Amino acid sequence: MQDPLQLLDIPSLLSDEERDIQATVAAYLTDHVRPHIGTWFEEGILPRELARELGKLGVLGMHLEGYGCAGTSALAYGLACLELEAVDSGIRSFVSVQGSLSMYSIWKYGSEEQKQEWLPRLAAGEAIGCFGLTEPDFGSNPSGMRTRAVRDGSDWVLNGTKMWITNGGLADVATVWAQTEEGIRGFLVPRGTPGFTTQDIKHKLSMRASVTSELILADVRLPESARLPLATSLRAPLSCLNEARFGIVFGAVGAARDSLQAALDYSGTRIQFDKPIAAFQLTQRKLASMSVQVSNSMLLALHLAKLKEAGTLKPEQISMGKYNNVEAAIAIARESRTILGANGISLEYSPLRHANNLESVLTYEGTSDIHLLSIGHALTGISSFRG
Ligand code: TGC
Ligand code: FAD
């Protein structure tokens, strides 16, 4: 059965170097992660050692320049996200949070000292980072956050709770966003700081091969040098989200492609009514329609990568990509599952695992509703986030 992205000859749109990077990431994952992903998902774990392996592979903060980062193109980073999420959204989430949220927040808004201290170790996977924006009562609307940082002499004292934080329980350093008298600011909170604890969230039905945690800050005292000096408003964390959302635009294509591939392979060998089910017109309709959707998603992702590399990519364009590609991916994962019949509910096959993970992807980094409102704002000039 054909690779669905080959039908439009999409690989011909990539350079040799981009195809090489994509193939290298895919080969590593096939050998070292894919064989274990079903078990990790079932057991609800993400082995910490994977961080160093991904560091060696060079995908952590790969689109950043300097400090041990690979400095690849945005497109190369997107292609890596695609291959990571083709295995599991949890693995792409780990890389997104490490590179686009934790490392990017330090790279873009940190002091030279903070960059030197954290970026090389985070790039190598020797340290793990997380990004705490969401709170129990403030998800889509982070501007209302209750976490407070108050000056005390030359120090800051932080109090509050962050919720649903990817990599929280693994992290050596947390980028924590807090309200201050001067507005929203970012702080680097190293693990072990007195008053800072994490609690992993259990019993998840989605994103099981990923650590998701609550961060608790109780009178956490930090020096001024822990504050990200260049982050001066909510604009700073929202700009980090652009980076991670860009990776999701590509990642979603990976989950969709892998689901469709599983359905294609299965339909060629599963015999009902004396024929492979791929021979039935209704099955072909599903397969053909999904191959059009996954190809369209990829073309949109490639277009956004071009805009990003030209330095003109706007938040509402990222919203179009995140909204479209994640909605398309979850529909493809569910439709692929139907082609697998009862076998489709087994962990042996990927589509339902992808669909379950994509429920989280649909919600995090801005829900589909939020992205539609962002597109609506750009179209009409009227912001309707507040009704
Ligand atoms: P608003 O007044 O619109 O904006 C405040 C300031 O920020 C600017 N801005 C942006 N800047 C850069 N990029 C963006 N995407 C931006 N969106 C807004 C804006 O221009 C303004 O700047 P300034 O200088 O004028 O002050 O803010 P608002 O309070 O009305 O909220 C806007 C809204 C709803 C779009 C925003 O709050 C939002 O995006 N909400 C969704 C929250 C979200 O996505 N959270 C994600 C948390 S992290 C996560 O989920 C990680 S999962 C990772 C994984 O595992 O892969
Ligand atoms: P709410 O904001 O309460 O939204 C509930 C519903 O109301 C949604 O359908 C939403 O679309 C809708 N809604 C809200 N406002 C509007 C509106 N104005 N108009 C129309 N509809 C609206 N956060 C982090 O900071 N860091 C992380 O690393 C991180 N990792 C995550 C990992 C996982 C697995 C998950 C599930 C979440 C993670 N999050 C993280 C949190 C995530 O960003 C939030 O869940 C998300 O922003 C939505 O917030 P919420 O869950 O509070 O939903």
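Predicted model: local features only at pLDDT ≥ 70, side-chain atom pairs only at ≥ 80, totals over all residues.
Biologist: How are the residues and chains labelled, and which pLDDT applies to local features?
Modeller: Residues count from 1 along each chain as its sequence is written, and chains are lettered from A in the order written. Side-chain values use heavy atoms, without hydrogens and water, side-chain atom pairs need pLDDT 80 or more, totals for chains, interfaces and linings use all residues, and local features need pLDDT of at least 70.

Biologist: How are helix H1 and helix H3 oriented to each other?
Modeller: Helices are DSSP runs of H or I, at least four residues, numbered from the N terminus. H1 spans residues 16-32 and H3 residues 50-57; their axes come within 11 Å and cross at roughly 155°. Axes are lines fitted to C-alpha atoms over the stretch in contact, with angles from 0 to 180 degrees between N-to-C directions. Angles over 145 degrees count as roughly antiparallel, so H1 and H3 are roughly antiparallel.

Biologist: Which residues of H3 make the contact with H1?
Modeller: Contact means heavy atoms within 4.5 Å. H1 brings Thr24, Val25 and Tyr28. From H3 come Leu50, Glu53, Leu54 and Leu57.

Biologist: What separates the centres of domain 2 and domain 3?
Modeller: Domain bounds come from an automatic or database assignment. Domain 2 covers 129-226 and domain 3 covers 235-380. Eight residues of domain 2 are in contact with 12 residues of domain 3. Taken over C-alpha atoms, the centres are separated by 30 Å.

Conventions. Helix = DSSP H or I, 4+ residues; strand = E, 2+ residues; numbered from the N terminus. Parallel < 35°, antiparallel > 145°, perpendicular 65-115°, else oblique.
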